[in-house]
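Have the model open as you read.

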Amino acid sequence: MGDRTTDAKTITVPERLHGYPGVAFGGYVAGVLAGRVDAEAVRVDFRRPVPTGTAVSFADAPDGGGALMDRELLLAAAAPAAWEAGELPGMPSWEEASAAAEAYRAAPPEGQVDCFGCGLDRTPATGLRLHCGQVAGRDLVATAWTPGPELATDAGVLPDELVWGALDCPGNAAGRLLDGRPAGAVTAALTARLLRPVPVLAGAGLVSYSWMRESGGRKYSVGTALATAAGELCAVGEALWVVPRG
C-alpha cells in the first residue's frame, strides 16, 4: 500500500482504495489519520466524504488529535479515545467464519460490489474481501479471509490503515444482516485499538467479525474485531453507522 509518513502535509487517496465510487474507503482513511495520533485507542469522526484522486490536507488539533481538510472544509477528525467496548462475544472459529463467508457469496445482499473492503469483484491482491455472512446460530457476522502478499508491508505485516479497514466493512454487514438495514449506510465514526501486528503469511488466515450494540432511527452502532485463524486477537473496534436520508 506504500509507506505512510506521519509528517506528510497532504494525501491523495487513489481511486482503487474507494468504498463507494469516488469516495475513499473509510477504514483506510481512519487508519491513516489515526496513525498521526499518539494514543492506544483513537476515534475518527467523519464529517464529509473524503474524495479519491484529490489532494486533501492534514491539520493538527490542540487535543493531540488531527484532522483531514479540503481547504476550509473539515472532512474527518481523529482524537485519543477511552476504550469502553466491554467484553467481546466469543470469536467464531475459522470453519464458522468460512461457512458464513460462503453463505454471503452465494446470496450477497444488493450493494457496492467493488468496495476495497468488501467488494465481491476484488481479488486478494486488490482488496480485503471482507465477505461477512451471519454465523449459524449466533447474532454475529463474520468472514474468513487471507490478504494477498501485495497488501503487506516490507516487514510482512498488514499496514495499520488496513487493520482499521478490517474493522470497518463488517459493521455494514452487521447492520444489513442482523438489523435489516438497507444498502448505502456510511461510517459516521470508527474507534479502534490495535493490539499486535497482523501477520500476512502464506496459508495463514484472518477472521473479522461484528455484532450489533445499539440501533435506533437512522443510526446503529456495532462492535468489531480482527483475529488470526488460531484465535489470537489483533484489533478491536466500535463504529457508528448512519443510513442517509432518502
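## Tyr220 and Trp241

Tyr220 and Trp241 are both buried (under 20% relative accessible area with a 1.4 Å probe, protein chains only; over 50% would be exposed, and in between partly exposed). This is a predicted model, where local features need pLDDT of at least 70, side-chain atom pairs count only at pLDDT 80 or more, and totals for chains, interfaces and linings use all residues. Residues are numbered from 1 along each chain as its sequence is written, and side-chain values use heavy atoms, with hydrogens and water left out.

## Aromatic pairs

The structure has three aromatic pairs (ring centres within 6.5 Å, taking the six-membered ring for Trp; planes under 30 degrees apart are stacked, over 60 edge-to-face, the rest tilted). In one of them, Phe25 and Phe116 sit with centres 5.8 Å apart and planes at 55°, so this pair is tilted. Phe25 is in the loop between β1 (10-12) and α1 (26-34), and Phe116 in the loop between α2 (94-106) and β6 (133-134), so the pair ties together parts 91 residues apart in sequence. Phe25 is buried at 2% relative accessible area, and Phe116 is buried too, at 1%.

Tyr220 and Trp241 make a stacked pair, 6.4 Å centre to centre with 10° between the planes.

## Around Phe58

Arg36 lies over the face of Phe58, 3.8 Å from the ring centre (the cut-offs for CZ of Arg are within 6 Å of the centre and within 35 degrees of the ring normal).

Which residues line the largest cavity? Phe58 does, along with Ile11, Val13, Val29, Val32 and Leu68.

Conventions:
Helix = DSSP H or I, 4+ residues; strand = E, 2+ residues; numbered from the N terminus. 1 Å grid on protein atoms, 1.4 Å probe; cavity = no way out; pocket = protein on both sides within 12 Å on 5 of 7 lines; lining within 4 Å.
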